[in-house]
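Subject: Structure for you to look through

Hello,

Here is the structure I said I would pass on. Please open it first and keep it beside you while you read.

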Amino acid sequence: MGDNPLVRDEELCLHKTGRECLRCMKVCPVRAVTLKGIERHRCDMRIQVNRKRFASRPNMADDIEVCAKCIAGMPCSL
Ligand code: SF4
Ligand code: SF4
């Protein structure tokens, strides 16, 4: 939890508060999001693939570290 004023709940994760969700697990293309946490090596492998695939694009930054499918547009996203 950060100190962002938009954060008002003590816990933003629906799953952790007993509600249905796990959308973050379902959308990860390499199944790196697990109930035990992020399997970082799987996530990193996906990032490496994406970097090579999109390297020729002029606006592709060198320091991208996530594909962000698991955090964009989720119920817990700000
Ligand atoms: S998408 Fe967000 S709210 Fe849903 S289970 Fe994952 S972390 Fe929790
Ligand atoms: S950033 Fe992408 S590859 Fe990494 S855990 Fe999230 S959805 Fe999976």
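Below is what was found in it, from the overall form down to single residues.

This is a predicted model, in which local features need pLDDT of at least 70 and side-chain atom pairs count only at pLDDT 80 or more, while totals for chains, interfaces and linings use all residues. Residues are numbered from 1 along each chain as its sequence is written, and chains are lettered from A and ligands numbered from 1 in the order in which they are written.

Confidence
The score used is pLDDT, the predictor's confidence in each residue, from 0 to 100. Its average over the protein is 86, and 91% of the residues score at least 70. Confidence is highest in α1, with 97, and lowest in α2, with a mean of 90. Where pLDDT is low, the predicted coordinates should not be read in detail.

Overall form
The protein has 2 helices and 2 strands, and their order along the sequence is α-β-β-α. Helices (H or I, at least four residues) and strands (E, at least two) are DSSP runs, numbered from the N terminus. The C-alpha trace spans about 40 × 25 × 15 Å along its principal axes. The radius of gyration is 15 Å, whereas a compact globule of 78 residues would have one near 12 Å. That radius is taken over C-alpha atoms, and the globule rule is 2.2 Å times the number of residues to the power 0.38.

Buried residues make up 3% of the 78 residues. A residue is buried if 20 or more other C-beta atoms lie within 10 Å of its own, exposed if 12 or fewer, and partly exposed in between, with C-beta atoms placed from the backbone. Of the contacts between residues at least 6 apart in sequence, 39% join residues at least 24 apart; a contact means that the C-beta atoms, placed from the backbone, lie within 7 Å.

The two ligands
A residue is listed around a ligand if its C-beta atom, placed from the backbone, lies within 6 Å of it. Around ligand 1 are C13, L14, H15, C21, L22, R23, C24, M74, P75 and C76. This shell has 8 nonpolar, 1 polar and 1 charged residues. Here Ala, Val, Leu, Ile, Met, Phe, Trp, Tyr, Cys and Pro count as nonpolar, Asp, Glu, Lys and Arg as charged, and the others, Gly among them, as polar.

The residues around ligand 2 are C28, V30, A32, V33, I38, C43, R46, V66, C67, A68, K69 and C70. They divide into 10 nonpolar, no polar and 2 charged.

Single residues
Most residues other than glycine have a negative phi. R31, which is not a glycine, has a positive phi of about 55°. R31 sits in the loop between α1 and β1 (33-34) and counts as exposed because it has 11 C-beta neighbours inside 10 Å. A68 is not a glycine either, and its phi is positive at about 75°. A68 belongs to the segment after α2 (40-54) and is exposed, with 10 other C-beta atoms within 10 Å.

T17 lies in the segment before α1 (23-27). With 11 C-beta neighbours inside 10 Å, T17 is exposed. Its C-alpha atom is separated by 22 Å from that of A32, 15 residues apart along the chain.

P58 is in the segment after α2. P58 counts as exposed because 4 other C-beta atoms lie within 10 Å.

Regards

Definitions and conventions: Contact = placed C-beta atoms within 7 Å.
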